[in-house]
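Hello,

Here is the structure I promised to hand over. Please open it first, then read my notes below.

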Amino acid sequence: DVPQRMRLGGGGVHEPRRNLLVAYMLWFVSLFGTFGLHNLYLGHESLAFLRTLTLGGVCGSGLLVDFFSLPRRVAVRNGKRQPSLPARDSMWRFLGRLAD
């Protein structure tokens, strides 16, 4: 189990909710997302690593994408919204998995 998960009675698993304000603060503190701390907070370790290697994405484009997509990504993480990717396997799904 992931250390952040807590066991509930009946064998269920409860993951802590993520806060949008905390995600934006981590985005800001990590030089506008360059080092991907907000991605680590949301559980997207591979994207955090990619953002760090590319210093925020190609020509900083990842920084803007992250800024505008954080509300959706926090909602998806908290289970309030379904990912907006199609269910079929495709190149777009693969790229979307990298972004999420």
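**Confidence first**

In this predicted model, pLDDT (the predictor's confidence in each residue, from 0 to 100) stays under 50 over residues 1-11. For that stretch the model has 13 contacts beyond four places in sequence. A contact means heavy atoms within 4.5 Å.

The protein averages a pLDDT of 78. Of the residues, 70% score at least 70. Among the elements, helix α1 (residues 20-29) has the highest mean pLDDT, 93. Strand β1 (residues 6-7) has the lowest, 46.

Two ground rules apply. Residues are numbered from 1 along each chain as its sequence is written, and side-chain values use heavy atoms, with hydrogens and water left out. As this is a predicted model, local features need pLDDT of at least 70 and side-chain atom pairs count only at pLDDT 80 or more, while totals for chains, interfaces and linings use all residues.

**The overall layout**

The protein has five helices and two strands. From the N terminus on, the order is β-β-α-α-α-α-α. Helices (H or I, at least four residues) and strands (E, at least two) are DSSP runs, numbered from the N terminus.

Buried residues make up 27% of the 100 residues. Buried means under 20% relative accessible area, exposed means over 50%, and partly exposed is in between (1.4 Å probe, protein chains only). The protein exposes about 6,800 Å². Carbon and sulfur atoms supply 68% of that area. Accessible areas come from the Shrake-Rupley method with a 1.4 Å probe; for residues, only the protein chains shown count as cover.

Residues 24 or more positions apart account for 43% of them.

**Around α1**

At the start of α1, look at Asn19. One of its side-chain oxygens reaches to within 2.7 Å of the backbone nitrogen of Leu21.

Now go to the other end. Just after α1, Leu31 takes a positive phi of about 55°. Phe32 also has a positive phi, about 60°, although it is not a glycine. Why point these out? Most residues other than glycine have a negative phi. Leu31 lies in the loop between α1 and α2, and Phe32 is in the loop between α1 and α2 too. Leu31 counts as exposed, at 51% relative accessibility. Phe32 counts as partly exposed, at 42%.

**A nonpolar patch**

Which residues form a nonpolar patch on the surface? They are Phe28, Val29, Leu31, Phe32, Phe35, Leu37, Leu40 and Leu55. Together they have about 780 Å² of accessible area. The elements that give two or more residues to the patch are α1 and α2 (37-41).

Leu55 sits in the loop between α3 (45-53) and α4 (61-77). Leu55 is exposed, with a relative accessible area of 54%.

**Leu42**

Is Leu42 buried or exposed? Leu42 is buried, with a relative accessible area of 1%. Its place is in the loop between α2 and α3. Leaving out residues up to four places away in sequence, Leu42 touches Arg18, Leu70, Arg73, Val74 and Arg77. Leu42 and Val76 are 34 residues apart in sequence. In space they are 9.7 Å apart, C-alpha to C-alpha.

Best wishes

Terms used: Patch = residues over 30% accessible without salt bridge, like charges linked within 9 Å, V, L, I, M, F, W, Y side chains within 5 Å. Salt bridge = Lys/Arg side-chain N within 4 Å of Asp/Glu carboxyl O. Polar contact = N/O pair within 3.5 Å; in protein donor to acceptor, adjacent residues only side chain to side chain.
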